[in-house]
Amino acid sequence: MTSYLPERFRKSPLVLTLGVAMIVVALVALPFVLSMAGTAWVRLTNFAILFVLLSLGLNIVVGFAGLLDLGYIAFFAVGAYVYALLASPHFGIHLPFWIILPIGAMVACLFGIMLGAPTLKLRGDYLAIVTLGFGEIIRIFMNNLSEPINLTNGPKGIATIDSIKLFTLDFGRTTRIGDFALNGQIKYYFFLLAVLVIVIIINLRLQNSRIGRAWEAIREDELAARSMGINTTNLKLLAFAMGASFGGIAGGVFASIQGFISPESFTLTESVMILAMVVLGGMGNVWGVVLGALLLSFVPEILRYTVEPAQHAIFGRQIIEADVLRMLLFGLAMVIMMLYRPAGLLPSAVRKRELARSTS
C-alpha cells in the first residue's frame with residue numbers, strides 16, 4: 001500500500017504512522033461527532049459512502065477502460081432488488097446479508113456482461129446512448145414486473161426490508177452498551193467504512209496491475225492495444241462486470257438502510273450524478289473519485305440548509321425555490337470547474353498528459 005503514497009511519506013515511516021493513526025481516529029470519531037447535530041447527518045454520511053462505492057465502480061468502466069456508461073444506476077437497482085426479494089416478506093425469504101450481498105454482486109456482474117457483450121464495438125456517444133437505454137430499460141422493467149407474477153411489486157415498491165444483522169447486532173435497532181447507545185446509522189457507518197476500505201484497496205491494486213495497464217492501453221488507443229496482443233474483448237467485459245459488481249453491493253446495502261425501495265430511486269438523474277462525481281474528482285484517479293463523490297454528496301445538502309435562510313435574510317422573502325436555486329448554484333460550480341480544471345480536482349498522471357497534448 002505504501003507504493004501509492006507520496007515520496008515524502010514513504011521515506012518517513014514515523015510521519016506515515018502518525019498520519020494513518022490520525023485518519024483512523026478521525027474516521028472513528030466522525031459519526032459520534034455528527035450525531036450531536038442529529039442522526040440525519042450520520043445518515044447523509046452513509047449515503048455519501050454509498051455514492052463513493054458507486055463512483056469507484058463506475059471509475060473502473062469510465063476512468064480505467066475509457067467506456068462511457070450512462071446507465072450505471074441499473075446495477076445499483078439490480079443489487080437493491082436482489083436484496084429486497086431475498087430479505088423481505090415479499091416472498092417470505094429472509095436470508096442473512098452475508099449470503100445476499102455476494103448474490104447481488106454476482107447478479108449485477110451478469111447484467112454487466114449482458115450490457116458489455118453487445119456493445120463491444122461501440123465507443124463514445126454511441127456507447128453512451130446504448131448504456132443510457134439499458135438503464136432506462138431496467139427501471140421500466142422494475143416498474144412493470146408486477147403482472148402476471150408479482151416479482152417487484154411495480155411502482156409500489158418493496159417495503160419492510162430486513163436490516164443487516166451481524167452476530168447479535170441488529171443494524172436496524174439501537175444497541176445499548178451500559179449508558180452508551182449505538183444507533184443503527186452509526187453501525188451502518190462502520191460497516192460501510194469497512195466495505196469502502198476493501199473496495200479502495202481492490203481499485204488501487206487493479207490500477208497498478210497488468211489488467212489496469214491493459215485497460216489504460218484500450219482507453220488510449222484500442223487498435224494499438226489489440227495489435228500488441230491485448231484481448232480487448234475480454235478486458236472490456238471484465239471492466240463492465242467488475243464495475244457492475246460494486247454497484248450491486250452498494251445497492252444491497254442501500255436497500256437494507258432504506259428498508260424500502262421503488263423504481264423511482266433509480267432514475268437517470270442518479271446515473272448522471274455518479275458520472276459527474278467521477279469526472280469532477282478526476283477520471284482514473286482513485287483518490288480523486290473519492291473526493292469528487294464526497295463533495296457532490298455533501299455540498300448539495302449544505303446548500304439545501306443555507307440557500308433558503310440566506311434568501312430570507314437578504315430579500316426578506318423567498319424569490320426562487322430553494323431547490324431550484326441550489327441546483328442552479330450547483331450547476332454553475334460544475335461549469336466553472338470544467339472550464340478551469342477539466343481533468344478534475346485530482347487528475348491521474350496519464351489524464352494530465354492527455355490534456356496537455358490536446359491543448360498544445
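**View 1. Side chain of Asn285 and the backbone of Trp287.** The Asn285 side chain comes to 3.2 Å from the backbone nitrogen of Trp287, a polar contact in the sense of a pair of N or O atoms within 3.5 Å, where one must be able to donate a hydrogen and the other to accept it, and residues adjacent in sequence count only if both atoms are side-chain atoms. The model is predicted: local features need pLDDT of at least 70 and side-chain atom pairs pLDDT 80 or more, whereas totals for chains, interfaces and linings use all residues. Residues are numbered from 1 along each chain as its sequence is written, and side-chain values use heavy atoms, without hydrogens and water.

View 2. Asn285 is located in the loop that links α11 (268-281) and α12 (286-315); helices are DSSP runs of H or I with at least four residues, numbered from the N terminus. Asn285 counts as buried because its relative accessibility is 17% (buried, under 20%; exposed, over 50%; partly exposed, in between; 1.4 Å probe, protein chains only). Beyond neighbours within four places in sequence, Asn285 is in contact (heavy atoms within 4.5 Å) with Asn59, Gln207, Leu346, Pro347 and Ser348.

**View 3. Ile274 in helix α11.** Ile274 belongs to helix α11 and, at 0% relative accessibility, counts as buried. With residues up to four places away in sequence excluded, Ile274 touches Phe51, Leu54, Ser55, Leu58, Tyr72 and Ile73. The C-alpha atoms of Ile274 and Leu296 are 8.9 Å apart, with the two residues 22 apart in sequence.

**View 4. Trp287 in helix α12.** Trp287 is part of helix α12. Its relative accessibility of 40% places Trp287 in the partly exposed class.

Notes:
Helices (H or I, at least four residues) and strands (E, at least two) are DSSP runs, numbered from the N terminus.
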